[in-house]
Amino acid sequence: MVFSSLPFLFAYLPLTLAIYFLAPLRLRNLVLLLVSLFFYGWGEPVYISIMILSTLIDYTHGMLVERFRSRDKLARWFVGQSVVFNLLLLGFFKYGTFLAENLYLLTGIQIPQSVELWPGMVIPLQNVPLPIGISFFTFQTMSYTIDVYRKDATVQRNLIKFGAYVTMFPQLIAGPIVKYKTVAEELNHRSHNTENFALGARRFCVGLAKKVLLANSIGALWDQQLTAQGAGELSAVGSWLGLMAYGFQIYFDFSGYSDMAIGLGRIFGFHFEENFNYPYLASSVADFWRRWHMSMTSWFREYLYIPLGGNRHGQAKTLRNILIVWFCTGFWHGASWNFLIWGMYFAAWLILEKYVLRGALDHLPAGLKHFYTLLVVLVGWGIFAIEDLSACGSYLALCFGRGALWNASDLYVLHNYMLTFLILAVSATAVGKKAWHRLPSRAQAVLTPLLMMASLLLSTAYLVDGSYNPFLYFRF
Amino acid sequence: MSKAYTRFITSLFCLFLGGLFVWHLLLPDRAQSETENRTLAQVPQLSWQTLKDGSFGQAVEKYFADQFPLRDDWTGLKARLEQLLGRECFHDVYLCGDTLISKVEEPDMDLVGKNLTYLQRLAEKTQAAVTLGFIPSAAEIWKEKLPTGAASYDQTHFLELAGELGLPMADLESALSAHKEEPIFYRTDHHWTTLGAFYGANAVLESLGMETLNQEDFTPEIVSENFNGTLYSTSGIHWLTPDTMEYWVEDTGLDITTYRTGTAEKGVLYDRSYLEKKDKYSSFLGGNQPLCVIKNTKITDGSKVLLIRDSYADAMAPFLTQRFSEVHLLDLRYYRASVAQYVQDNGIEDIVVLYSVQNFIADRNVVLLTQ
């Protein structure tokens, strides 16, 4: 189930809220666990088993690490076991097919499509459907065991509370990646009050509007431009319009989803960390990555870059560490070569900025820095969005003037989407937020319910119409 | 924020979600949507298989969208908002001032090529003369009305390909283009109007070497001024002036047999009960049917024409009855037996393949002609 769907908004959510808030306090974690399992099982009933398995393994490993804390070697062994288990899970379900295909291309060794363990029991080895959200929940559970070992978090002895953390439906399928230590305290004690509820509901409405009204409204244009490319009718102007459409779509799609997750968490009394901070206002590529999908970048920094030594062991090791982290970041986004290239592309820009461009960039006027960053990011989206490498290459070639400069259909696109682009551009900046904070509090109090209703009403209209409503980060 | 205020915001949110939930629950499900002219999704059946492969979840989503309270108002609200944003295309329908025009997608050229060879095969298989009558849609004839740069398949490209078959062809494109200032297509429906069908009929008669019809011989009867067609439904644009529908030909002397249920039954030239419904175009011959035979008792020369046709023929057939003893209409979507056999059994001299270009380039039933 996704948040931006009618069954979620007008059946699952009201029922869940009713059950949760009617339940006595001591049962609320259990309720949260059960409704979350239902939420997950809705699309993937079979994969509930993986979710439960993952929960149980990290629960026991957390306990084992705690139990053998005095014997460091053993404790480390258990941390390692948990990491290996999570990576194996991810490896099998997410990367299995990709690895098998490339193994075959490189060495000619063929991994069978499936094995029959005993008669009637066939286990598929390739083309296994991806369990939704696996990239998110494996990272979360991994960080738990590591944090327990590092004493950044205390061990959770209550299986229901731990289960509620792993499966918690607001962040289950698309993040933000909530580290255990962020919510550890609130799993035990959190306040349920109407202030949390009201703020959470408000945030949810903001996210819903971003996803349904902003992201969906421009996403269709990207698909249209891809079709035009296939028919050989895409111009340079058209291809940039397409990239801009995709850039806006993925930002409002993903940050909208994060807003909804943060809002829902708040309704249940949890405070998740922010995931986006106006990424398109960034003044450098490094700055962009401090503002985009912050829960993921901070995860990689905390559990990969710094353990590898970060930037404290000389230039060569720093370079190595940057490359490793961005290799993993790219690969985390999908089991396909374009994501690896995308990761390396950003590694290259980050290294360039760190060692070569640093001085030069500092002297550029703010507008130019911003323009440069957007250009790098947009081309990056081109690599990110088009999995087929040759199609991706020819798309980018169109951007840089391989075909016609512009054609008649660009006029049509501009005429149809000009206002939408304008609204999206303004929404991607902090202008709205600043204006909001400048309003007298009485005006805010009047506008809040009106804007919430507008978001709910218009989003419902779009969802009932049943048009274009994909969800980009669903596959990760 | 005061406690009272947060309570207010909380209840507002809960009331909206919970209210629509309860409303949807209590609202009886509809079988059909009049506005959209289609059957609506019903409560899906739950089984382990459908749950496991995810189709249950999708079915529930469709069910919610289709049976949602005030569905038509929501879709109308969305179309309004899109229009405010400057959109000109609504679910593949272009809004061109006061007119809706259906976008014609680029066809699968393999399918087009195959469909054309099937026509050739039919011509080789039968003694009757095969004439082609391809009707360009409004997106072609009224292409000046389309938004600047709007994409739509160039239907003259298809007409050129069809011309290469070497079969006689009625020039409907010129016939309609010559009158493009007149209301020859509905503004809210993809079909041609009775006026458009009249010009079309003359183009067909001309190519068959028959005497054409005179407009002065008809007195149009306005039967509806409240026709909201298929484009009204698919686009969600509900604020245009409805179309006017006319009947030109009178049904005196016409003896109509329909095979709607497989056996011969008495048919009608106009089924006026449809005028009370949304789908008013179906009043011509009573809508879709596999086979329909119209005999004009006043014409005794024994001339017979068979139309291999889509729904555009419904508006045109009344005109052809004025020149033929018998007009046979055969719809390949529903008629599954051999066409060549039918031609032989009924002693038909002329076959007219009468299709809108938009339907023909995407039709997967044309292969049935080769039986």
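Mentor: Let us begin with T60(A), which is partly exposed because 16 other C-beta atoms lie within 10 Å; a residue counts as buried with 20 or more other C-beta atoms within 10 Å of its own, as exposed with 12 or fewer, and as partly exposed in between, the C-beta atoms being placed from the backbone. This is a predicted model, in which local features need pLDDT of at least 70 and side-chain atom pairs count only at pLDDT 80 or more, while totals for chains, interfaces and linings use all residues. Residues are numbered from 1 along each chain as its sequence is written, and chains are lettered from A and ligands numbered from 1 in the order in which they are written.

Trainee: Which helix does T60(A) lie in?

Mentor: T60(A) belongs to α3 of chain A, residues 48-67, where helices are DSSP runs of H or I with at least four residues, numbered from the N terminus.

Trainee: And how far apart in space are T60(A) and R202(A)?

Mentor: Their C-alpha atoms are separated by 38 Å, and along the sequence the two residues are 142 apart.

Trainee: Switching topic, how is chain A divided into domains?

Mentor: Domain 1 covers 6-190 and domain 2 covers 196-465, with bounds that come from an automatic or database domain assignment. Their C-alpha centres lie 27 Å apart, and 22 residues of domain 1 are in contact with 21 residues of domain 2 in chain A, contact meaning that C-beta atoms, placed from the backbone, lie within 7 Å.

Trainee: What classes of residue are on the domain 1 side that touches domain 2?

Mentor: That side of domain 1 of chain A has 13 nonpolar, six polar and three charged residues, where Ala, Val, Leu, Ile, Met, Phe, Trp, Tyr, Cys and Pro count as nonpolar, Asp, Glu, Lys and Arg as charged, and the others, Gly among them, as polar.

Trainee: OK, and how many residues of chain A are in contact with chain B?

Mentor: There are 42 from chain A, and they meet 44 residues of chain B.

Trainee: Last one: at what angle do α13 and α14 of chain A pack?

Mentor: Helix α13(A), residues 314-332, and helix α14(A), residues 337-363, pack at about 145° with their axes 7 Å apart; axes are lines fitted to C-alpha atoms over the stretch in contact, and angles run from 0 to 180 degrees between N-to-C directions. The residues of this contact between α13(A) and α14(A) comprise 14 nonpolar, three polar and no charged.

Key. Helix = DSSP H or I, 4+ residues; strand = E, 2+ residues; numbered from the N terminus. Contact = placed C-beta atoms within 7 Å.
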